[in-house]
Amino acid sequence: MNFKKGETTVKEIIRDVPDFPKEGIIFKDITPLLGDPVAFQKTINTLKDRYADKHLDAVVGVEARGFIFASALAYALGTGVVMVRKPGKLPYKTFQETYSLEYGTDTVEIHQDAFREGQNILVIDDVLATGGTLSATLDLIQKNFKGVKVVEAAFLIELDFLNGREKLKDTPVYSMIHY
Ligand code: AMP
């Protein structure tokens, strides 16, 4: 990203909140970025420039903060938006994928008619941490929509020390900001 001298960078505007939601986690709070018209527009424009010539049909957002970036980017690119949601939120027939957490399991869901054969899609979320959520999202899509190509998985922020991208196997990964 190109910033003029003296401008706040997108990285500087992200706030660290220690011990949220539990002790030992440094939460990357993107709300100051979302509230800053210049930083938010730059974020979306950076993503738009990267994907403008990739012939995408849809941008997939992962609940909940992924929706914000997916919808703004889809609008900028002129594609559709698809939601990957927590269980029980989507009203129509769904496919589901359950994955392990540190304690217990979690599930992601998608509508069975989310894509058509031959579509190119981008999956986006705000933070790549351990990669559990995104890896389950990719499994959910790749198992149930054989003719759909995930062009890339995009993140605003990647926590490099958690090695989350190793879980995403063959899918190309792009993160705007690394910690
Ligand atoms: P992951 O461990 O990659 O499955 O992370 C799952 C979700 O938790 C991501 O969608 C992030 O939105 C969120 N998340 C995980 N760690 C952080 C963090 N340190 N700061 C902010 N969000 C986080």
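**Backbone geometry**

Guide: Lys169 counts as exposed, at 58% relative accessibility, where exposed means over 50% relative accessible area, buried under 20% and partly exposed in between, with a 1.4 Å probe and protein chains only. This is a predicted model, in which local features need pLDDT of at least 70, side-chain atom pairs count only at pLDDT 80 or more, and totals for chains, interfaces and linings use all residues. Residues are numbered from 1 along each chain as its sequence is written, and side-chain values use heavy atoms, with hydrogens and water left out.

Visitor: What is phi of Lys169 near?

Guide: Lys169 sits in the loop between β8 (149-158) and β9 (173-178), where helices (H or I, at least four residues) and strands (E, at least two) are DSSP runs, numbered from the N terminus. Lys169 is a residue other than glycine, yet its phi is positive, near 50°.

Visitor: Is His55 buried or exposed?

Guide: The loop between α3 (37-51) and β3 holds His55, whose phi is positive and near 55° although the residue is not glycine. Its relative accessible area is 63%, and therefore His55 is exposed.

Visitor: Which residue does a cis peptide bond join to Glu63?

Guide: The residue in question lies in the loop between β3 (58-62) and α4 (65-77). With omega about -5°, the cis bond joins Glu63 to Ala64.
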